[in-house]
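Please read the following account alongside the sequence and the model.

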Amino acid sequence: DTNKLDEIVVIGYGTQRKTDITGALASVTTEDFKAQPIINSTDALQGRASGVFVGSTNGAPGGEAKILIRGANSISGSSQPLIVVDGIIGGSLQNLNPADIESMEVLKDASSTAIFGSRGANGVILITTKSGKEEGTNIDFDTFYSVQEVGKRFDLLSASDFAREVNVSDLATGGEGDIFSPDEIAELQRTGGTDWQDQLFRTAPIVNYQLSVSGKAGKTDFFVSGNHSETQGILINTYSKRYNLRAKVNTKLGNNLKVGVNTAFIRTKGRNNQERTGISSPVYAALAFDPTMPLYADDGSYNLTSIKGLGTLGVNPYARLTELNLDRESSLVSLNGYVDYKILDGLNVNLTAGTRMRFNSDRRFDAELNNPNRASINDSDSKSNQATLRLTYEKEIRDHRFKIDGIYELQSSKWHENSILGVDVTYPSTTYNNIGTATDITVSSYASEQKIESLMGRVNYTFMNRYVFSGAVRRDGASVLAEGNK
């Protein structure tokens, strides 16, 4: 309807009336998903934006999602879209608190993504976080609890049937067909053997707490929120925890000047959430491992491999997952702000600047099962800065409406990583805290730095609210390119 067409939506480096948009854009607002109990912000997009596919890269708690806009667009690189949070390029949906999101605009075609240059080739997702709206102070608290489990398990042979088939196979290949005696088969019939899916899968809880304080007082609005979520994995010894804090303040100083600041802190912790395939995957092993083998030997230690040499060549999947400790911690600090000044009627200048710092830590210990134990520590940190200066002129003369943007942008990023790997640690009980006692130690370090400088221009013209023209140009200079061709 007409009111919908008059809505203002974010288009990247500014806003525009819906009726004036020439490109393909899908908008998802907080009203669309506020009643859904979600922890991952990517779930808010799922099924709500046409041409957008959202799926999981793996089933780990806190695992990254795969987002494709109008299909896979890259031949050899990533097909993930560009994420922009409150005007700052290079954000992430993975650990963003969905309760902090006011709206998400998905830019899907060349017309709408051109202003972002080559980095927008896979589509762009623009995130706008909440601000205070209503006068006074409003306090909101929300919590939910849910459980998750495997929707369908594979229907495998019982241990006794497996033993019978092993005997049949042995007889057919020239053996005696007596790998399992009748008494052993009868005992497996009685006990049921070991169901490795039962050993690995569990019913796992999800809990989420959300508290926000927002409001307006005169020319100032504010929004402050805190969130804690915890997801236990459906695989044993896996989990993900997240802590979010955000504070956003906007204020008008006089009639022509508006300023705002937006800060966020995100802390995540997880265990054993990495993706594993082939025989290193515990799920694979649960389907292929010998069901006639008990979990433990008579002395209380793990039975690591099939006693009779049957099934997969991998290690006891329960022992593998129980004795693996891959602890991942990540901290993200984001600070950005803006100054918007009205120079003349219709002429505005806006300066938006922000910095984002991330600190990652991986601590891993693989117990000595059928190989020497391995311990490793990997620490990395990154910092990115962005400053965007935008001059906008907007005018309406009878049947003509036009808007012109001139933009200058400077971005820089640094990344550094240190890692140490120790094989055969002398005191395994200390896990990764005593790598110096390892027989074999490897140390490595990496670093990178890059800068991007950009000039942009955009013209939007509308005639009689019916004929619309939009044009954009962007020129990027990148430090990673060769001299003379940056």
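The paragraphs below take up strand pairing, aromatic contacts, charges over rings and a surface patch in turn.

The model is a predicted one, in which local features need pLDDT of at least 70 and side-chain atom pairs count only at pLDDT 80 or more, while totals for chains, interfaces and linings use all residues. Residues are numbered from 1 along each chain as its sequence is written, and side-chain values use heavy atoms, with hydrogens and water left out.

An open sheet of mixed pairing is formed by 5 strands in the order E3-E8-E9-E6-E7; strands (E, at least two residues) and helices (H or I, at least four) are DSSP runs numbered from the N terminus, and two strands pair if DSSP finds at least two bridges between them. Strand E3 (25-29) and strand E7 (88-89) stand at the edges with a single partner strand each, so one side of each has no neighbour in the sheet. E3 runs antiparallel to strand E8 (residues 101-107), and 5 bridges join the two; Leu-25, for instance, has Leu-107 in E8 as its bridge partner.

Turning to the rings, those of Phe, Tyr and Trp (its six-membered ring) pair if their centres lie within 6.5 Å, with planes under 30 degrees apart counted as stacked, over 60 as edge-to-face and the rest as tilted. By this rule there are 6 aromatic pairs. The rings of Trp-196 and Phe-289 have centres 5.2 Å apart and planes at 85 degrees, so this pair is edge-to-face. Because Trp-196 lies in helix H7 (residues 196-200) and Phe-289 in the loop between helix H8 (282-288) and helix H9 (317-322), the pair ties together parts that are 93 residues apart in sequence. Trp-196 and Phe-289 are both buried, which is to say under 20% relative accessible area, where exposed is over 50% and partly exposed lies in between (1.4 Å probe, protein chains only).

Phe-463 and Tyr-467 form a stacked pair, 6.3 Å centre to centre with 25 degrees between the planes. Phe-463 is partly exposed at a relative accessible area of 25%, and Tyr-467 is partly exposed at 49%. Ring pairs also link Tyr-296, Tyr-302 and Tyr-318 into a cluster.

Charged ends sit over rings as well (NZ of Lys or CZ of Arg within 6 Å of the ring centre and within 35 degrees of the ring normal). That of Lys-241 is over the ring of Tyr-239, 5.3 Å from its centre, and that of Lys-308 is over the ring of Phe-180, 5.0 Å from its centre.

Lastly, Leu-410 has its place in strand E18 (residues 400-423) and, at 40% relative accessibility, counts as partly exposed.
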